[in-house]
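Thank you for making the time this morning.

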Amino acid sequence: YYQELINTYPGSELEAPAKQRLSYYFDWYRDKDTYSYREEVVTYLDKGNRALDKQEFHKAVLYYKQGLELRSNMYLLNFNLAYAYYELFQLYPRNAEYQENAIRYYIKAARVTTSAKAFNNLACIFAEQGDEILAHLYFKKAIDAANNPVKLNGILKLINENMDYFTGNSQLSGLNLLRELLP
């Protein structure tokens, strides 16, 4: 992203900070063997989680992506990567690619493990976008996943709170009708 910024807007006020950030990443990877991965997936997951805790979302993305190079079907890597991308979108809302990546990795996580949390997060993203149909679809999937095979009362409460929030939004009045169709 930083290299793209430098190439697209040479001479802009953002060029110097982008170059500085890019050089930081080159320094960060200098001692890494990026062609052979000898570290375990859990190492990248732990490093990514620590970066998330510090709200270093770009760093978390890099760690999770390194982990996914080793094991692309790991639920937690995909889910946490989606979360990191969504947090980046919250910080930089003009960069729609962050939101698109969040959606993509939440879907990947849900494919690996049927996850009420991933479905709920997808529903909220689509509800925020004003896409009532996809919001309804993913809220329904979240409810189904939270009820089967075991009823997860905590996540069901969260899903209902999210639906209440979005159905109270006047721009999403169609979601009220769709909610009535839910069990």
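This is a predicted model: local features need pLDDT of at least 70, side-chain atom pairs count only at pLDDT 80 or more; totals for chains, interfaces and linings use all residues.

Residues are numbered from 1 along each chain as its sequence is written, and side-chain values use heavy atoms, with hydrogens and water left out.

The chain has 10 helices and zero strands, where helices (H or I, at least four residues) and strands (E, at least two) are DSSP runs numbered from the N terminus. Of the 183 residues in the chain, 40% are buried; here buried means under 20% relative accessible area, exposed means over 50%, and partly exposed is in between, with a 1.4 Å probe and protein chains only. If we take contacts between residues at least 6 apart in sequence, 50% of them join residues at least 24 apart, a contact being heavy atoms within 4.5 Å.

Let me turn to helix 9, which runs over residues 153–167. Its 15 residues should span 21 Å at 1.5 Å a residue, and the end C-alpha atoms are 21 Å apart, which agrees; the expected span is 1.5 Å times one less than the number of residues. Which residues of helix 9 are buried? They are I155, L156, I159, N162, M163, F166 and T167. These residues cover an arc of only 125° around the axis, which puts them on the same side of helix 9, the arc being that of the directions from the helix axis to the C-beta atoms. As a reminder, an α-helix has 3.6 residues a turn, so residues three or four places apart point the same way. On the other side of helix 9, N153, G154, K157 and Y165 are exposed. L158, also in helix 9, counts as partly exposed at 36% relative accessibility; L158 and K117 are 41 residues apart in sequence, and their C-alpha atoms are 9.2 Å apart in space.

Because 10 of the 14 residues of helix 7 are buried, it is largely enclosed by the rest of the structure. Among the buried residues are F119, N120, L122 and F126, and the buried residues of helix 7 pack against helix 5, helix 6, helix 8 and helix 9.

At 7% relative accessibility S115 counts as buried, and a polar atom of its side chain lies 3.0 Å from the backbone nitrogen of A118. Leaving aside neighbours within four places in sequence, S115 is in contact with Y75 and A145.

Now for the core. The largest nonpolar core has 50 residues, and those with the most contacts inside it are Y85 and I159; such a core is a set of buried Ala, Val, Leu, Ile, Met, Phe, Trp, Tyr and Cys residues joined through side-chain atoms within 4.5 Å. The largest share of this core, 10 residues, comes from helix 5. I159 touches N120, F139, A142, I143 and A146, not counting residues up to four places away in sequence.

How many aromatic pairs does a search of the whole structure find? It finds nine, with rings of Phe, Tyr and Trp (its six-membered ring) pairing if their centres lie within 6.5 Å, and planes under 30 degrees apart counting as stacked, over 60 as edge-to-face and the rest as tilted. Y165 and F166 form an edge-to-face pair, at 4.9 Å centre to centre and 80° between the planes. Y165 counts as exposed at 57% relative accessibility, whereas F166, at 5%, counts as buried. Ring pairs also link Y85, Y92, Y98 and Y105 into a cluster.

Finally, the backbone. Most residues other than glycine have a negative phi, and most peptide bonds are trans. Q55, in the loop between helix 3 and helix 4, has a positive phi near 60°. The peptide bond from N148 to P149 is cis, with omega near 10°, and P149 is found in the loop between helix 8 and helix 9.

Technical notes
A polar contact is a pair of N or O atoms within 3.5 Å; within protein, one must be able to donate a hydrogen and the other to accept it, and residues adjacent in sequence count only if both atoms are side-chain atoms.
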